[in-house]
Amino acid sequence: MVEHILPERQLRELQKAMLDFMQTQGYAESAQVFARETDNEGFTADPKDRHHNLLAKKWTSVIRLQRKIMELESKITKMQADIDSGAVVRRGHQKGAGEWLPRPPAKLKLAQHRLPITSVRFHPQYTVLATASEDMAVKIWDSESGDFERTLKGHTKAVQDMVFDIKGTVLVTCSADLTLRVWDVANEYKCVRTLHGHDHCVSAVRFLGADKIVSASRDKTVRIWELATGYCIRTLTGHSEWVRSVDVSLDARLLCTASNDQSVRVWDSSSGECKADMRGHDNVVEVAKFAPANAYASLRRLSGLPPAEKPAVNGNAEDSAGNACGLFIVSGSRDKTLKLWDTTSTQLLHTFVGHDDWVRDFVFHPSGKTLISVSDDKTMRIWDLATGRCAKTIEASEHFTTCIDFSTVSPLVATGSVDTEVSLWECR
């Protein structure tokens, strides 16, 4: 009796993939014998079958992984040599993590989309980048090498936004076709669910905890969905115009939204109650995000607020450092500014002035000390959160720069542009 290394299900999958390869490559007699010996008689290669070309795809993936392993081993060897020679000094003895900022020129340019880029998202655990475009497609790339891996097709209009779950097992996209789609990352990004309910373009999506999704739409609503069933379990109304963006606090108790009605709102995710309506922008608010807790110290200095002893705001949960979640929000607008808000008092604390055109997106640096924004003025600007000053301006693209993300895996920043290109910037 032969002992199989693979579980029964995977063994059957492998056998069918091998049969598909034999039949499509013309090894008819070998395929017939193999089918008989593996009890797969009657199997016929079909281009629509998921086993079609699977063996070749897996083989290509193995080769790519082997190359990646060799590259990583080479980097480790070089790094160890630098450490042994004393060329590397602990970062804590120098300027700290704040010096890891994007530097021109761009390390890589990714150019396969046919229309403007709308969203860029790094995988939370692997060197993978997802890019979305008005060309209705989502493309998956190796963020280290820039190698193109696959295209996700299914949406019938522009893909507006996307998000990975915290473990990176699921990717959710939203589109102007009024739907959201759930893609199984582990199963070759197969679309496992399509969510219907919005009456107009779906412009933003985020995870609300591990089992829910929240979306914002041009139909003026925010909807909360069950991931497992795809059911809409709550609809939040209050904005009078297109809701452009939505974000979720670390403890998942609060939502913040930005809208064409020039307001930023804070919501209780459990009750759907609007807890704050903050106004101060003079044009459409493109994006609003909660500041991470490690940015609070800098934001308090910027605002002239005293250091918090043991904050507890609106009954919010606290992070490991004792900071209540969702204390501050930053918003970006077509009035060319970013604004900092106190969610407790709803006061405007600071306005970041420097961009020459619409502010389209921004991301907080992992250190919590800086913020990086992109704009229709084609630049990427780095802001010191303790002083509110623009510390650096980088020419990011040849057309409007629409989106940005910061990798949690490697020191990389990705930006997307109307010129259909995605740029990868190395931080050092």
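## Ground rules

Because the model is predicted, local features need pLDDT of at least 70 and side-chain atom pairs count only at pLDDT 80 or more, while totals for chains, interfaces and linings use all residues. Residues are numbered from 1 along each chain as its sequence is written, and side-chain values use heavy atoms, with hydrogens and water left out.

## Aromatic pairs

Rings of Phe, Tyr and Trp (its six-membered ring) pair if their centres lie within 6.5 Å; planes under 30 degrees apart are stacked, over 60 edge-to-face, and the rest tilted. That rule gives four aromatic pairs. One of them joins Trp 141 and Phe 148: the ring centres are 5.4 Å apart and the planes sit at 70°, so this one is edge-to-face. Trp 141 is buried at 3% relative accessible area, whereas Phe 148 is partly exposed at 29%. (Buried is under 20% relative accessible area, exposed over 50%, partly exposed in between, with a 1.4 Å probe and protein chains only.)

Phe 352 and Trp 383 make another edge-to-face pair, with 5.7 Å from centre to centre and 75° between the planes. Phe 352 belongs to strand E21 (residues 348-353) and Trp 383 to strand E24 (residues 379-384), so the contact ties together parts 31 residues apart in sequence. Both Phe 352 and Trp 383 are buried. Strands (E, at least two residues) and helices (H or I, at least four) are DSSP runs, numbered from the N terminus.

## Charges over rings

For a charge to sit over a ring, NZ of Lys or CZ of Arg must be within 6 Å of the ring centre and within 35 degrees of the ring normal. Arg 244 does this with Trp 242, its charged end lying 3.7 Å from the ring centre. Lys 289 is over the face of Phe 362, 5.1 Å from the centre of that ring.

## A spot before helix H1

Leu 6 lies in the segment before helix H1 (8-24). Leu 6 is partly exposed, with a relative accessible area of 34%.
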